[in-house]
Amino acid sequence: MSNTIAEFIDTNRIQKFTDSFYKATGIPSSIITTDGAIITGSGWQTICAQFHRRNPKSEELCIQSDSTIRARLINGQRRVFFQCPHGLIDAAAPIIINGEHVANYLTGQFLFNRPGAAELTRFKEQAQRYGFEEKAYLNALTQVPIITEDRMAAILEYLTLFAEMVADMGLKHQKLLETTRSLKRSEEKFAKAFMAGPDIMMLTRLKDGLVVDANDHYFQASGFKRAEVIGKTAAELNAWVAEKDRATFVDQLRRNQKIENMETVLRKKDGTIKPYVVSARLIDMHGEQCVISNTRDVSEQKAAQEALYRSEKKLRAILDSATASIVLLDRQGVVLEANGVGVKWFNIARDKLIGATVWQFFPLKIAERRRAEVERVFATGQAVRNIDRCNERWGEYSINPVYDEDGAITAVAIYAQDITEKIESEQRLKEQEKKYHKLFDMESDAIFMIDQHSGRILEANRAAVAMYGYSKDELLALKNTDLSAEPDKTHRATMQQTEIVPIRYHKKNDGTIFPVEITGAFFEWNDKAVHIAAIRDISLRIQAMKEKAALEAKIQEAQKIEAIGVLAGGIAHDFNNILAPILGYTEMLMGDFEPTSSTHAQLDEIMKATIRARDLVKQILTFSRQAEREIKPLKLHTVLNEVINLTRSILPTTIEIAPHIDTACGMVMADATQIHQVAMNLVTNAYQAMQKRGGRLAVRLEEVRFTTEELPSANLSPGRYAHLAIEDTGVGMDEETLAKIFNPYFTTKPKGKGTGLGLSVVHGIVKSCGGEILARSKINQGSIFTVYLPTITAAEVPLAKRTDVESDTGSETLLVVDDEQAIVKLQTQILGRLGYNVVPHASSIEALEAFRAQPDRFDAVITDMTMPYLSGDNLAEELLKIRPALPIIICTGYSELISPEKAKQIGIKGFLMKPIVKTELATMLRKVIDAKHRHQDHEPGPESTS
């Protein structure tokens, strides 16, 4: 092989594989060439790296061991196990590319069994023989992995297959490299023409479409870099827009060996689509069939053709609308073009008239006179006008020169009018004009016909009258520059005959400036240069673009908030794991003391503080959208007192808090966290309104009753309400600002200081509770926000849940799994006190193995959700495969991947949110275990997790 293996494989990718393999298994591995060069390697054991390979004498044995392994592999063995002279086991598999043994995949430095007394004596003797420090050497021996022969055989089988895959990869790249080299030798013959051509040139392989080379023009036109293209296919580059075009291209090449001027559309790197014309040939490059293609960008040509088509179509429409005969002749009298009347004049089909010599259709004398007149126009450039009689009919005609861009006369235009039928012709003209005006006025865009040189408006349709606010007579008295807010640009575009004009600004009769798009056409008409302009008002489109940009900016702000929520959720998850042991051990300690003791009272205070911390976590999870609302009866004064106490510690002394809280106010059905958010938001806004000057912040709560006549808002119904008012003496708001405060994203704060979501969220929370929020404010007089929430009667308050767990005990065997040791220890003690036999595990993998070993031992399983290697829901699925009716409880403090509904679908019987109190755990355990006993004669299925 003329190349090394490093040229044919992705060494960085293979290195990552060996690193990952070592990290996952603890087994080192390396790719080494047959001459001993290391290509990749990871994780060699300390006993070899720091001792055997460091000592010259012991290293000689290592080198002999390497040679022995290589020799066995070279002799054709598919894999080799070998015990080195130092007592460690090595293994290897060959890497053979295209029949050539180029490298070996080695692993090793392990033992099949833990060293016994005899082996230890051997290693001690080796330490003495080579002068190793015996303690350090034997300590390195203890780090050597112990792998059974069966497991190592399986691992080596895997590495052997991987070595074969690396060989296949190398073979593929070797063949590609060989083909590329062969093509490079051939390309020297035509490289200059290939690279210097004005069009895109590419060289690809026919059999698989791989790109062998491309000229610089291709990379400039496509936006790709050379490294992104060479060795890729057109499919991988996503070049063909239409798959049928690619199939046609390949099919014609295979059948005809070439393809000429195939029109198609191709895609650039940035997704831009352009039209191209492709020609290609099959060529032989050292026995390999390749395709050399020439691709030309025809977008400008297409655009020019389209513009020419539109121009010709408009010209044809204008010519055909004329009542006179119009015929275009060259110097020899050959008909170049004729309008409809001209064709009818000669009473011959158009296709026979065009290209014919016109003199054959006239009597001899008239033909000679007309030929002489045409030659005079060509010679002098002066038009000829005359009246003549032909075939018993009189006609009035003129012969006019037609110039090209260089000023040379290239043709003559003969305008002829049949005077005999003048009256009929005039009538036909009127009918034609009527149709023209109907079509003209039906167009929704404003259309003007303008004298190109003077700019005077010659014609305007109804849409133009409506758009600009002038009468038609007023428009016909103006110039096109009179309608423009940029008259110089308008004049320049007209004189330069610009057909597609970018956004321009025009003005209406009332002075209103508005943006327009203009499409124009220029032509000669009645010896006059005429400009037709179609003008479209794009005010709504630009407004929509601005609104879209504003909406995107708002979405970005919302995404920032969402990112903060995700961060908050992650913090809450870790905090839950901290709270769990505090809550659990406190609850257990309280059971060890009499309720009347001072220690019990102190523990109760710890318990209350921990519960408040847990509720704080729930608030964080609610903010991050990871917790469901908990709607239950709520006394507002407890929430308000907490908010006031929290706020008082951060307010400056210049702001006075004046609470007036009626503790007898009835309860409301709401989520405590959301009500806390409402109160905190309103209090914070009030504080910020008084931040500079100070003032008084009043918080009032009372219960009120409204009749139909007394309702403060049409959105409320008669009845009792909790009336919450938060009043400040701050800067206040004007009426315009007050009308927008509940709109999403509206804020009066500087950019970066507020999102405009606070009051809109507050408004939504209050509405979801069946209430109403009102606001009043005046500049420099402060603001008052009033919240009304319906109260409930004592009969409507749900009964409290049972908290006695004395009967929620048991003697069953439980499998408890959590990667936090502290939580495992805590749950073991709690469940032990309840009478259960607990088998704890801090590893979900080990727990699964324990269950597989004794699946009938356990009556229920309690598992955490978020664990390394095997998450709680995946562990549950594996356990249920073994015992479908197994009662499982899953616990989580934060997870986007699990919910009560998802747990139920899996077959999990119980769902608890961390941190878990003893009562919740005890009750849920009895529920899922007892449910199993009740349904043990039925088919297993998911039970309620509520």
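Two strands are said to pair if DSSP finds at least two bridges between them. Helices (H or I, at least four residues) and strands (E, at least two) are DSSP runs, numbered from the N terminus. This is a predicted model, in which local features need pLDDT of at least 70 and side-chain atom pairs count only at pLDDT 80 or more, while totals for chains, interfaces and linings use all residues. Residues are numbered from 1 along each chain as its sequence is written, and side-chain values use heavy atoms, with hydrogens and water left out.

**The antiparallel sheet**

- Five strands make up an open sheet with antiparallel pairing, in the order S7-S6-S10-S9-S8.
- Its edges are strand S7 (211-214) and strand S8 (258-267), each of which pairs on one side only.
- From one strand to the next the twist averages 30 degrees, where angles run from 0 to 180 degrees between N-to-C directions and axes are lines fitted to C-alpha atoms, for helices over the stretch in contact.
- Strand S6 (residues 200-205) pairs with S7 in the antiparallel sense over three bridges, and Leu 203 stands opposite Asp 213 in S7.
- Helix H10 (residues 243-256) packs on this sheet and touches S8, strand S9 (273-285) and strand S10 (288-297), its direction making about 165 degrees with that of S8; contact here means heavy atoms within 4.5 Å.

**The parallel sheet**

- Another open sheet has five strands in the order S29-S28-S30-S31-S32, and its pairing is parallel.
- Strand S29 (837-841) and strand S32 (910-913) are the edge strands, each pairing on one side only.
- Neighbouring strands of this sheet are turned against each other by 20 degrees on average, direction ignored.
- Strand S28 (residues 813-817) and strand S30 (residues 860-864) run parallel and are joined by four bridges, with Val 816 standing opposite Ile 862 in S30.
- Helix H27 (residues 872-882) lies across S28, S30 and strand S31 (888-892), running at about 175 degrees to S31.

**The helix pair H4 and H5**

- Helix H4 (residues 117-130) packs with helix H5 (residues 134-142) at an angle of about 135 degrees, and their axes are 10 Å apart.
- That angle makes H4 oblique to H5, because angles under 35 degrees count as roughly parallel, over 145 as roughly antiparallel, 65 to 115 as roughly perpendicular and the rest as oblique.
- The residues of H4 that meet H5 include Leu 120, Phe 123 and Ala 127, and among their partners in H5 are Tyr 137, Leu 138 and Leu 141.
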